[in-house]
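Grab a pencil and work through these exercises with the model open. Each task is followed by a solution that goes step by step.

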Amino acid sequence: MENFGFTLLKERHIDFDANDRSIAGYISDHEPSFRLCIECGCCSATCTTGNFTPFSLRELLILLKRGENDKVREEIRKCMLCGKCTLVCPRGVNTRNVVMLAREAFRKQMNYAV
Amino acid sequence: MKTEGKKKIWSEYQKEIADDHFFYVRSCIRQSFFPGSEQFFLHFMRNVLEKDVYENPSHTTCTGIGYHGDIVPLSTIMTVVARHFALMKEAGYKNIAISCVTSFGIYTEIIETWKHYPEELKKTREYLFKATGREFDIPENMAHTSDIIYKFRNEIAAKAKNLLVNKKTGEPLNVIEHIGCHYSKMFPKYGVGGAEFPNVLGGMIEAWGGRVVDYPERRHCCGFGFRQYLVQANRGYSLSNSVKKFNSMKPYKPDLILTNCPGCNMFMDKWQYTMKEMDGTVYGDNGESIPVLTYEELAGLVMGYNPWDLGVQYHMVQSEPLLRKIGIDYEPDNKFKTKDGRQMPVPKNLINV
Amino acid sequence: MEGRIVIVGAGTAGMEAAGQLARSGFLVTLIEKETTTGGHVKNWYHLFPDRRDSSEVISYLDARINHENITLLTGKTVDRIENNHGSFLVSTNDGSDIKADAIVLSTGFDLFRSERKEEYGYGIYDNVITSADLEKMFRKGEIKKHNEETPEKIGIVHCVGSRDEKVGNLYCSKLCCVTAVKQAMEIKEYISNAKVFCFYMDMRMGGAHYEELYRESQEKYGINYIRGKVSEVSENINNKLVIKVEDTLAGRPLKMELDMLVLMAGMEMSDGAENIAESAGLTIGENHFFSPVDNHFGSNKGNMEGIFYAGTCTAPMNITETISHARSSVLEVIGYMNKDVR
């Protein structure tokens with residue numbers, strides 16, 4: 001193995017087809033309002049957690065739908081479940097339950113305690 | 001995939017390519033990396049087609065490497081290019097033939113800049129006159145030398161001794177065409193076939209009996225860049241872009257990669273070596289790597305010239321698998337011998353041998 | 001009322017205007033370049049937002065022009081319009097000249113030719129189709145790939161030929177977003193296990209009931225919306241389409257294989273109307289459509305007295321707006337003829 005002083009980089013793109021999108025499926029089945037998100041960011045703007053850490057619920061919900069689970073798994077535990085996001089959502093998404101279900105799905109389907 | 005749709009696009013990007021009387025400008029790096037290519041072009045144009053191709057020893061680099069490497073300012077490169085045009089004017093030529101895709105991009109970008117910002121043209125005239133006392137005209141016709149080989153592809157086909165066909169199976173070879181970004185991505189109108197479906201190399205491949213492979217990452221850049229590869233630690237970026245292409249073309253079992261840009265050729269060749277050395281990955285069929293040739297080298301092989309005279313042995317990926325498929329006889333012992341029979345040093349770590 | 005009116009274009013706007021003008025007593029000559037009337041509507045299956053069968057609109061329009069005061073000339077194009085102090089001479093391609101006291105141009109639009117967006121490979125890749133092609137499949141009752149298989153994963157690209165400097169169209173075609181939503185839902189009705197992805201830059205759901213349709217498409221049909229415009233399409237060795245798009249809200253490029261890609265072709269000024277504009281000296285806007293004299297109070301009036309516009313020859317409009325615009329053009333014609341300023 002020759003060392004050239006540089007290495008191959010990991011592709012940055014979301015590989016939609018290769019990703020496991022079962023967590024999003026689980027949420028959608030148990031909380032159909034999840035589908036209604038239009039990614040407006042109301043939830044993230046008022047989020048208790050997001051105002052002091054890079055946590056963005058809007059982004060996490062998108063990543064869940066794309067099956068980019070790794071980041072979500074680490075981040076979703078930060079939510080304090082205060083419920084402000086659900087209060088402000090213009091589409092009536094039960095975001096608080098979405099977070100609960102995401103944690104549940106990670107635990108049940110991936111045996112990963114969140 | 002429907003070829004008819006591509007033909008329709010090609011018909012909208014038919015650039016005018018001059019027929020004769022060319023002012024030829026060489027590339028900085030092609031003479032070192034693929035030493036037979038420019039030589040073949042001149043031989044073919046002058047001795048086979050009997051065209052007038054003029055070279056001026058006072059022609060210099062266009063400074064494109066410096067420009068893209070952030071050390072040559074725009075006004076400087078414009079003046080250098082203007083000087084080339086002055087040499088051309090002094091020699092009485094109106095058609096420029098450009099060997100390098102980076103230079104081609106530089107020339108097209110500068111000419112377009114002058115069209116849109118005449119004050120830049122005026123300034124350049126002043127700079128050149130103050131510095132050298134020279135005056136210049138903008139060329140009437142500007143062609144990359146791959147355009148010119150494309151123009152005469154049928155003449156080459158008519159003289160073909162070897163077609164791009166697997167002699168054993170009778171099947172056309174699967175040929176990847178890779179077009180340098182600066183050939184037409186900046187200005188599609190300057191490229192044969194435009195930018196999304198360029199036909200400059202595809203036209204040659206088909207005329208010479210091969211099958212053009214249209215694979216998903218066909219339009220992706222090889223990752224050459226300039227400042228990107230100049231720093232060793234950054235080369236992973238360049239490498240990764242080429243690897244993206246290799247992975248995408250691999251399922252098609254390509255027999256050959258054909259390029260029209262010096263940088264692309266160098267990298268698509270040498271990154272295959274790098275990947276093989278790094279972790280043993282190869283991208284061709286049968287555990288081999290994919291030969292990467294220039295259009296002049298390929299034209300020469302098709303016309304039956306000795307592969308060693310064309311310099312195909314100076315790539316890292318060796319072409320023997322390709323030569324065997326096409327049915328070209330070659331003398332292994334003469335591969336690194338001078339014309340008068342002296343043995344030259346044999347490069348180490350060549351692949352496909 | 002008396003007078004001779006020539007109407008150019010027998011689509012929704014032209015037919016509606018012809019019906020109204022004929023019923024007001026004018027003698028109307030309705031010229032259509034195609035062999036049949038009805039314009040684009042007949043090429044669409046169901047209309048948004050209520051999924052009305054387009055044939056109902058056609059029946060309505062046919063009834064409108066069934067009037068003794070209307071002379072219908074089909075298969076004819078207008079070569080030239082001459083204005084002689086308010087008396088017009090309309091020359092058609094078969095060499096006849098028709099006299100008119102006023103003219104209504106209802107020349108409509110051309111669908112953007114999607115092959116001009118070369119990066120999408122329409123006309124090259126087997127399973128890249130347009131919104132119009134999909135309507136034909138709906139009408140036929142089956143959605144099939146080129147190889148007759150049923151597609152399972154379908155992408156829809158918004159803004160093809162609209163909001164795009166590269167093709168010279170800076171404007172929004174306005175109807176494509178809602179068409180995408182409608183078509184996405186219809187695809188799901190034909191192929192219940194299909195996965196449908198809309199790639200949009202903005203969801204422009206401005207019309208009545210559009211936003212509700214969008215919401216319904218998410219709630220009941222599970223349509224996926226990804227914000228980002230597809231920038232490159234290719235085909236892989238398995239004959240699947242591979243798209244490159246940025247998921248702009250995730251901030252990362254996204255790669256996806258698809259069985260079929262539907263391009264939401266925008267609306268452009270029709271070629272024929274451009275010729276008319278040139279020959280008659282009518283003003284064209286930055287969007288290449290006819291430019292009425294005033295956006296608010298004169299949206300039917302041309303820059304030449306006695307020439308009026310109806311419908312999508314002035315800007316993209318839906319059927320409702322087209323009919324309203326055609327009706328208002330009739331009011332303008334009546335006002336003009338009453339004043340007798342000719």
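**Exercise 1. Find the bridge partner of Ile14(A) in strand 17 of chain C.**

Step 1: look across from Ile14(A) and you land on Leu254(C), its bridge partner in strand 17 of chain C. Pairing here takes at least two DSSP bridges between the strands. Strands are DSSP runs of E with at least two residues, helices are runs of H or I with at least four, and both are numbered from the N terminus.

A word on the ground rules: this is a predicted model, where local features need pLDDT of at least 70 and side-chain atom pairs count only at pLDDT 80 or more, while totals for chains, interfaces and linings use all residues. Residues are numbered from 1 along each chain as its sequence is written, and chains are lettered from A and ligands numbered from 1 in the order in which they are written.

**Exercise 2. Describe the side of chain C that touches chain A.**

Step 1: count the contact, which joins 14 residues of chain C to 13 residues of chain A (C-beta atoms, placed from the backbone, within 7 Å). Step 2: helix 5 (210-219) and strand 17 (252-258) of chain C each supply at least two residues of this side. The largest share, six residues, belongs to strand 17 of chain C. Step 3: sort this side of chain C by class, and you get seven charged, five nonpolar and two polar residues. Nonpolar covers Ala, Val, Leu, Ile, Met, Phe, Trp, Tyr, Cys and Pro; charged covers Asp, Glu, Lys and Arg; the others, Gly among them, are polar.

**Exercise 3. Work out why one side of strand 2 and of strand 4 of chain B is left without a neighbour in the sheet.**

Step 1: write down the order of this open four-stranded sheet in chain B, 2-1-3-4, with parallel pairing. Step 2: strand 2 (53-54) and strand 4 (141-144) of chain B sit at the edges with a single partner strand each, so one side of each has no neighbour in the sheet. Step 3: check one pair: strand 1 (residues 22-25) and strand 2 of chain B run parallel over two bridges, and Phe22(B) has Val53(B) as its bridge partner in strand 2.

**Exercise 4. Which helix of chain B gives the largest share of the side of domain 1 that touches domain 2?**

Step 1: chain B splits into domain 1 (18-145) and domain 2 (161-334), with bounds from an automatic or database domain assignment. Step 2: the contact takes 24 residues from each of these domains of chain B. Step 3: helix 6 of chain B gives the largest share of the domain 1 side, seven residues.

How values were computed. Contact = placed C-beta atoms within 7 Å.
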